[in-house]
Amino acid sequence: LIEEYGREALATAFVAERASEALSRVVESALEDPGLPGGATLGAVRAAMAGGLIARLVGAGAIDEDDDSALLGEIDELIRRYGERAPAETFIRLE
């Protein structure tokens, strides 16, 4: 990498950003929703979260009720870094 990008390249440029396990569940659920407005972007997932997706997942036991504000903060940070039009699927944590 040093030969290709030089000694001054930032290490953060080579790290893949991933969503937490809980946010990955939210994104996967949003991707399965055929009515997702605007396609599978971070902005569309954020809109679905604000529109009740988190409440439905809490009710189904898929995520913890206490994760609500943390999940919104996490997706807001991804949107800040990558923009609302970034494909949400890119950030799913595969485990």
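Two residues are taken to be in contact when heavy atoms of each lie within 4.5 Å. The structure described here is a predicted model, and its secondary structure consists of four helices and zero strands. From the N terminus onward the elements run α-α-α-α. Of the 95 residues of the protein, 28% count as buried. Among contacts between residues at least 6 apart in sequence, 73% join residues that are at least 24 apart.

Helix α4 spans residues 68-82 and has 15 residues. The distance from its first C-alpha to its last is 21 Å, close to the 21 Å expected at 1.5 Å a residue. The buried residues of α4 are Leu 71, Ile 75, Leu 78 and Ile 79. They lie on the same side of α4, because they cover an arc of only 100° around the axis. In general, an α-helix has 3.6 residues a turn, so residues three or four places apart point the same way. The face of α4 turned away from the buried side carries the exposed residues Ser 69 and Arg 80. Cover for the buried residues of α4 includes α2 (21-31) and α3 (42-59). Just after α4, Gly 83 adopts a positive phi of about 95°.

The contacts of Leu 71 illustrate this packing. With residues up to four places away in sequence not counted, Leu 71 touches Ser 20, Ala 22, Leu 23, Val 26, Met 49, Ile 54 and Ile 63. Ala 22, Leu 23 and Val 26 are among the buried residues of α2, which also include Ser 24, Val 27 and Ala 30. The buried residues of α2 are in turn covered by elements including α3 and α4.

The largest nonpolar core has 24 residues. Those with the most contacts inside this core are Leu 23, Val 26, Leu 42, Val 45, Met 49 and Leu 71. At least two residues of the core are supplied by each of α2, α3 and α4. The largest share, eight residues, comes from α3.

Ala 48 also lies in helix α3. Ala 48 counts as buried because its relative accessibility is 15%, where the cut-off for burial is under 20%. Apart from neighbours within four places in sequence, Ala 48 is in contact with Leu 36 and Leu 53. Ala 48 and Val 27 are 21 residues apart in sequence, and their C-alpha atoms are 9.5 Å apart in space.

A search of the whole structure for aromatic pairs returned one. This pair is formed by Tyr 82 and Phe 91, with a centre-to-centre distance of 5.1 Å and an angle of 45° between the planes. The pair is classed as tilted, because stacked planes are under 30 degrees apart and edge-to-face planes over 60. The two partners were also examined for burial. Phe 91 counts as buried, at 6% relative accessibility, whereas Tyr 82 is partly exposed, with a relative accessible area of 39%.

Note on methods. Residues are numbered from 1 along each chain as its sequence is written. This is a predicted model: local features need pLDDT of at least 70, side-chain atom pairs count only at pLDDT 80 or more; totals for chains, interfaces and linings use all residues. Side-chain values use heavy atoms; hydrogens and water are left out. Rings of Phe, Tyr and Trp (its six-membered ring) pair if their centres lie within 6.5 Å; planes under 30 degrees apart count as stacked, over 60 as edge-to-face and the rest as tilted. Buried means under 20% relative accessible area, exposed over 50%, partly exposed in between (1.4 Å probe, protein chains only). The expected span of a helix is 1.5 Å times one less than its number of residues. The arc is that of the directions from the helix axis to the C-beta atoms. A nonpolar core is a set of buried Ala, Val, Leu, Ile, Met, Phe, Trp, Tyr and Cys residues joined through side-chain atoms within 4.5 Å.
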